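Hi there,

Here is the structure I promised to pass on to you. Have a look at it first, and then read my notes below.

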Amino acid sequence: QSALTQPASVSGSPGQSITISCTGTSSDIGTYNLISWYQHHPGEAPKLIIFEVTKRPSGISSRFSGSKSANTASLTISGLQSEDEADYYCCSYSDVITSVLFGGGTKLTVL
Amino acid sequence: EVNLVEIGGTLVQPGRSLRLSCAASGFKFDMFAMHWVRQAPGKGLEWVSGISWNSGSIVYAESVKGRFTISRDNAKNSLYLQMNSLRREDTALYYCVKDMGEAEVGTGFDYWGQGTLVTVSS
């Protein structure tokens with residue numbers, strides 16, 4: 001089973017907004033709302049920032065938002081800050097393998 | 001405070017076995033599914049295996065199916081990963097991860113350990 005498809009990199013200037021896409025199939029993103037997003041700073045443990053497509057865990061800034069359309073999920077970060085520079089991963093349940101898939105990861109650079 | 005501490009990572013030869021353990025604290029361990037997620041050097045996150053709250057449902061990534069076995073002991077608040085027939089491509093940092101739900105479907109991985117490094121090399 002292939003990983004979910006994310007762009008390898010995105011960039012933006014402080015204060016701008018960026019969107020990271022995550023493309024799957026009707027066997028995962030297209031059917032299930034078990035979609036989550038993770039922020040990973042090198043050397044640290046990954047952090048959950050979005051779950052069930054749009055929900056934010058307690059303590060996560062409202063600058064982070066999630067959405068889904070057909071087989072593609074998206075993470076939007078508004079008001080970019082330097083500390084947002086990190087790797088971002090999407091994740092979804094898949095009924096093809098009845099388990100979990102990660103995207104390949106997207107490196108966000110804040111210019 | 002939720003805490004997940006992995007132990008057991010080391011240098012091991014190809015074909016050998018290794019067992020990872022994860023000690024959990026700070027939450028009702030027997031109410032949540034648990035997972036192992038790994039990250040190979042320079043690569044992205046890869047989900048490895050998940051187990052439901054009561055061990056009633058267990059799932060594996062195709063890359064480890066038949067070689068790895070996940071288990072848990074709710075009385076000891078512990079998660080395990082038995083890794084057999086290790087390959088060089090299993091070299092990675094292995095994270096113990098808590099699910100937000102009781103089923104192993106990846107509702108959301110809300111707590112992660114710091115990881116334990118497994119290196120498979122001769």
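Let me start with burial: of the 111 residues of chain A in this predicted model, 50% count as buried.

Next, the fold. Chain A has nine strands and zero helices, so its pattern along the sequence is simply β-β-β-β-β-β-β-β-β. Of the contacts in chain A with a separation of 6 or more, 59% are between residues 24 or more positions apart.

What about the overall dimensions? The C-alpha trace of chain A spans about 40 × 25 × 25 Å along its principal axes. The radius of gyration of chain A is 13 Å, which agrees with the value near 13 Å that a compact globule of 111 residues would have.

Look in the loop that joins strand 6 (72-77) to strand 7 (86-94) of chain A. Is A:Asp84 buried or exposed? A:Asp84 counts as buried, because its relative accessibility is 2% and the cut-off for buried is under 20%. Leaving aside residues up to four places away in sequence, A:Asp84 touches A:Gln39, A:Arg63, A:Phe64, A:Ile77, A:Gly79, A:Leu108 and A:Val110.

Happy exploring!

Notes:
Residues numbered from 1 in each chain as written. Chains lettered and ligands numbered in written order. Predicted model: local features only at pLDDT ≥ 70, side-chain atom pairs only at ≥ 80, totals over all residues. Heavy atoms only, no water. Helix = DSSP H or I, 4+ residues; strand = E, 2+ residues; numbered from the N terminus. Rg over C-alpha atoms; globule rule 2.2 N^0.38 Å. Buried < 20%, exposed > 50% of the residue type's maximum accessible area, 1.4 Å probe, protein only. Contact = heavy atoms within 4.5 Å.
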